[in-house]
Amino acid sequence: MDVFKEMRRILKPSGLAIMSFSNRCFWTKAISIWTSTGDADHAWIVGAYFHYAGGFEPPEAVDISPNPGQTDPMYIVCSRKKTA
């Protein structure tokens, strides 16, 4: 949460914050909610951080995988800092 609040603090109004992730991780270092959920839930979790940090527009999740179903997935969740 602190990271998202810091992004909000340093972004200019309407500034874009982008968080990217795949399904690759060090399972022994990841938090349990991450390892017990799937890709769609991961996007929801990242979006929830934007929401609960406050000061961001509703986030958008996008699958940017180069070859969906054939390569490792890659996702982004992005949101703009509110102007007021």
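**Helices, strands and a stacked pair: questions about the assignments**

The secondary structure of the protein chain comes to three helices and three strands, where helices (H or I, at least four residues) and strands (E, at least two) are DSSP runs numbered from the N terminus. This is a predicted model, in which local features need pLDDT of at least 70 and side-chain atom pairs count only at pLDDT 80 or more, while totals for chains, interfaces and linings use all residues. Residues are numbered from 1 along each chain as its sequence is written, and side-chain values use heavy atoms, with hydrogens and water left out.

Reader: What makes β2 and β3 paired strands?

Author: Two strands pair if DSSP finds at least two bridges between them, and four bridges join β2 to β3 (residues 74–80), the two running antiparallel. In one of these strands, β3, Val 77 is the bridge partner of Ala 61.

Reader: Why are β1 and β2 said to stand at the edges?

Author: The open sheet of three strands has the order β1-β3-β2, with antiparallel pairing. β1 (16–22) and β2 (60–63) each have a single partner strand, so one side of each is left without a neighbour in the sheet. From one strand to the next, the twist averages 20°.

Reader: Why are α1 and α3 called oblique to each other?

Author: The axes of α1 (residues 2–10) and α3 (residues 39–53) come within 9 Å and cross at roughly 60°, the axes being lines fitted to C-alpha atoms, for helices over the stretch in contact, and angles running from 0 to 180 degrees between N-to-C directions. Angles under 35 degrees count as roughly parallel, over 145 as roughly antiparallel, 65 to 115 as roughly perpendicular and the rest as oblique; α1 and α3 are therefore oblique.

Reader: Which residues make the contact between α1 and α3?

Author: With contact taken as heavy atoms within 4.5 Å, the residues are Phe 4, Lys 5, Met 7 and Arg 8 of α1 and Val 46, Tyr 49, Phe 50 and Ala 53 of α3.

Reader: Why is the pair of Phe 4 and Tyr 49 called stacked?

Author: Rings of Phe, Tyr and Trp (its six-membered ring) pair if their centres lie within 6.5 Å, and planes under 30 degrees apart count as stacked, over 60 as edge-to-face and the rest as tilted. By this rule the count comes to five aromatic pairs. The rings of Phe 4 and Tyr 49 have centres 5.3 Å apart and planes at 20°, so the pair is stacked. Phe 4 lies in α1 and Tyr 49 in α3, 45 residues apart, so that the pair links distant parts of the chain.
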